[in-house]
Amino acid sequence: MIVEKDFGDTLSQNVDERHSLKAQGTRRKGIGRARNYLLYAALRPEHRWVYWRDVDIVENPPTVIEDLMRHDKDVIVPNIFFHRIGKDGKGIEGRYDYNSWQESWRGRRLRSRLDKDTILAEGYKEYRTHRSYLNWMAYDNHRKRLKYLHDEVALDGIGGVNILVKADVHRAGINFPCYAFENQADTEGFAAMAKRAGYGVYGLPNYIVWHVDTEEKEGNLKGKKEDGKKKDV
């Protein structure tokens, strides 16, 4: 079944405009609304799991769904990286998704000072949360990644590139807020809502899914600049 819904949004798909801080509140609310529409159009009584997957994933283990299911968590995400070829022709790996994180005391303090309708967006200097990001918890060494492939960490926020959710979590009313919930929306708001309801939210730091390189942030490269280390995966 293919479900398509046009909400009439006119947000530019230009990388700079789409990822600008100004666009984030409207963008995240719109994405949350679309996820909820898809969820309620597709979820059936016999479904045990809901797998959310971005269209711009370029590479993942063929058993990604089974691998995530074996953890038997309410909500679980892998880590999200991207490939890039540097100016020297060498392969580089970059960290893509900064929406999977563990909360910090600075983040909690910042939220306590914000208007309740303000939506926080990660990776912008205007909001210095100092959260611990899942993508910086991965080992650089390939052998260590394989050894600790299924290590789990508890999370407070998650990104939307790849999510596995027990269907009963959604049936209990946990969806993707298209409004500010604890100053988060969409997937990060979903994680906050799930945790508020007593569900577990987890990530796998060393289990990597590869996203297309959108090239908007050199700071996401492992070496912090384009002449970073060779990729090790």
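Of the 23 residues in the largest nonpolar core of this predicted model, Ile 158, Ile 163 and Phe 190 touch the most other members. A nonpolar core here is a set of buried Ala, Val, Leu, Ile, Met, Phe, Trp, Tyr and Cys residues joined through side-chain atoms within 4.5 Å. Buried means under 20% relative accessible area, exposed over 50%, and partly exposed in between, with a 1.4 Å probe and protein chains only. Two or more residues each come from strand E1 (49-53), strand E3, strand E8, helix H6 (167-171) and helix H7 (186-196). Helix H7 gives the most to this core, with 5 residues. Helices (H or I, at least four residues) and strands (E, at least two) are DSSP runs, numbered from the N terminus. In soluble globular proteins, nonpolar side chains tend to be buried together.

Leaving aside neighbours within four places in sequence, Ile 163 is in contact (heavy atoms within 4.5 Å) with Val 50, Tyr 51, Trp 52, Val 75, Ile 76, Val 77, Ile 158, Phe 176 and Thr 187. A second, separate core of 13 residues includes Val 64, Leu 204, Tyr 207 and Val 209.

Residues are numbered from 1 along each chain as its sequence is written, and side-chain values use heavy atoms, with hydrogens and water left out. As this is a predicted model, local features need pLDDT of at least 70 and side-chain atom pairs count only at pLDDT 80 or more, while totals for chains, interfaces and linings use all residues. The average pLDDT (the predictor's confidence in each residue, from 0 to 100) is 87 for the chain, and 87% of the residues score at least 70. Over residues 223-233 pLDDT stays under 50, and the model has 32 contacts beyond four places in sequence for this stretch. Where pLDDT is low, the predicted coordinates should not be read in detail.

The chain as a whole has 7 helices and 9 strands, and 47% of its 233 residues are buried. Among contacts between residues at least 6 apart in sequence, 77% join residues at least 24 apart.

Within H7, Glu 188 has a relative accessibility of 1% and so counts as buried. The side chain of Glu 188 makes a polar contact with that of Arg 28 (2.8 Å). Such a contact is a pair of N or O atoms within 3.5 Å; within protein, one must be able to donate a hydrogen and the other to accept it, and residues adjacent in sequence count only if both atoms are side-chain atoms. Not counting residues up to four places away in sequence, Glu 188 touches Arg 28, Asn 99, Trp 101, Glu 122, Asp 156 and Ile 158. Just after H7, Gly 198 takes a positive phi of about 95 degrees.

A search of the whole structure finds 15 salt bridges, each a side-chain nitrogen of Lys or Arg within 4 Å of a carboxyl oxygen of Asp or Glu. One of them joins the side chains of Lys 166 and Asp 72 (3.1 Å, N to O). Lys 166 lies in strand E8 (residues 162-166) and Asp 72 in the loop between helix H3 (64-69) and strand E3 (75-85), so the pair ties together parts that are 94 residues apart in sequence. Both residues are partly exposed, Lys 166 at 21% relative accessible area and Asp 72 at 48%. Arg 95 and Asp 140 also meet in a salt bridge (3.4 Å, N to O). This pair links strand E4 (residues 91-95) to the loop between strand E6 (132-133) and helix H5 (142-147), 45 residues apart. Arg 95 is buried at 2%, whereas Asp 140 is partly exposed at 31%. Salt bridges that share partners join Arg 28, Arg 35, Asp 186 and Glu 188 into one network.
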